[in-house]
Structure formats: structure tokens, C-alpha cells
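Student: I would like to learn how to read this structure. Can we go through it feature by feature?

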Amino acid sequence: MRTAINFTVDCILLGLLAGVVWTGLVIRYVLPPGFRGCYGWTLWGLSRHDYGTIHYGLSVLLVLLSGIHLGLHWRWFCATINSWVRYRGKSLLAAGIVLLLVLCVASVFFLDKLVRKPNARPSVGTTEAWELK
């Protein structure tokens, strides 16, 4: 019974991952952002924003099902972590935790650069920089 559940969860995860990749490619390459040429384009009756909504929904389901997948393999996960700590020492685990914390803190500073301020001028190379007022 447990094997059948694992197989079902893995198959659904594969389908969700394929859906997230496909919708991401459609959003990026088939219906790219911009005001020239692509404005109002649809693919199979769905706009870029519709595909974005689908992409988001599939991503949320993928994360939730990944948590279930981790829960189903929790004993293996714990045994693997314990073997790493036992054979490679606690310094490797500590280094991994420190690296994770540094990446989390650094991402806060980089997100500030990525988020555009309401009154900021558009950067060169964006489609907004070419709009005629």
C-alpha cells in the first residue's frame, strides 16, 4: 500500500513539474511581456496572465505535494542526515546551516534591487524605457 502511495505521489509530482516548466516556457517565450506585438495575444484562448495564474497554482500544488513526498520518506531523510553528521562531522552540518542563513539574509538585500520602486525610472533595456509618452 505504501509503495502505491509513493508511486502515485511521484507521478503527480512529475506531472506538476512538467506543467510548471511548460507554463513557464509559454509565459517566457511564447507570450512574452511587452506592449508591442504581444499585447492581447492568446494561446488556446488563454492570455499571458491566465497562464501566470495556472503557473502559480501548479507551483503551489508542487510545493505542497513535495512536503507530502518528504513526509513519506522522512525516515530515509533522517537516516541520511544522521549518517552525514556521523561520518563527516558536525562541522559540515554547521557549515550548511551557516550557508543557508547567509543566503537567506543576502536574498533580502538582493530583493530590494529587484523590486522596482513606484516612482523609479525604468532601467535601460526594459520595454518601459522605450514607451513613447
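Student: Leaving aside its neighbours within four places in sequence, which residues is Thr-23 in contact with?

Tutor: Ground rules come before the case. This is a predicted model, in which local features need pLDDT of at least 70, side-chain atom pairs count only at pLDDT 80 or more, and totals for chains, interfaces and linings use all residues. Residues are numbered from 1 along each chain as its sequence is written, and side-chain values use heavy atoms, with hydrogens and water left out. Contact means heavy atoms within 4.5 Å. With neighbours within four places set aside, Thr-23 is in contact with Tyr-51, Ile-54, His-55 and Leu-58.

Student: Is Thr-23 buried or exposed?

Tutor: Buried means under 20% relative accessible area, exposed means over 50%, and partly exposed lies in between (1.4 Å probe, protein chains only). Thr-23 has 3% relative accessibility, so it counts as buried.

Student: Where does Thr-23 lie, and what does its side chain reach?

Tutor: Helices are DSSP runs (H or I, at least four residues), numbered from the N terminus. Thr-23 lies in helix α1. Its side chain reaches the backbone oxygen of Gly-19 at 2.9 Å.

Student: Which residues make up the largest nonpolar core?

Tutor: In soluble globular proteins, nonpolar side chains tend to be buried together. A nonpolar core is a set of buried Ala, Val, Leu, Ile, Met, Phe, Trp, Tyr and Cys residues joined through side-chain atoms within 4.5 Å. Here the largest has seven residues: Val-9, Leu-13, Leu-16, Val-20, Leu-62, Leu-65 and Leu-72. α1 gives the most, with four.

Student: What does Leu-16 touch, not counting residues up to four places away in sequence?

Tutor: Leu-16 touches Leu-58, Leu-61, Leu-62 and Leu-65. Leu-16 is in helix α1 and is buried, because its relative accessible area is 11%. Leu-16 and Leu-65 are 49 residues apart along the chain, and their C-alpha atoms are separated by 9.2 Å.

Student: How many residues does α2 have, and which are buried?

Tutor: The expected span of a helix is 1.5 Å times one less than its number of residues. α2 has 25 residues and reaches 36 Å from first C-alpha to last, close to the 36 Å expected. Tyr-51, Leu-62, Leu-65 and Leu-72 are buried in α2.

Student: How many disulfides are there?

Tutor: A disulfide is a covalent bond between the sulfur atoms of two cysteines. The rule here is a pair of cysteine sulfur atoms within 2.5 Å. The count is zero. Cys-11, at 38% relative accessibility, counts as partly exposed, and Cys-104, at 42%, also counts as partly exposed.

Conventions: Helix = DSSP H or I, 4+ residues; strand = E, 2+ residues; numbered from the N terminus. Polar contact = N/O pair within 3.5 Å; in protein donor to acceptor, adjacent residues only side chain to side chain.
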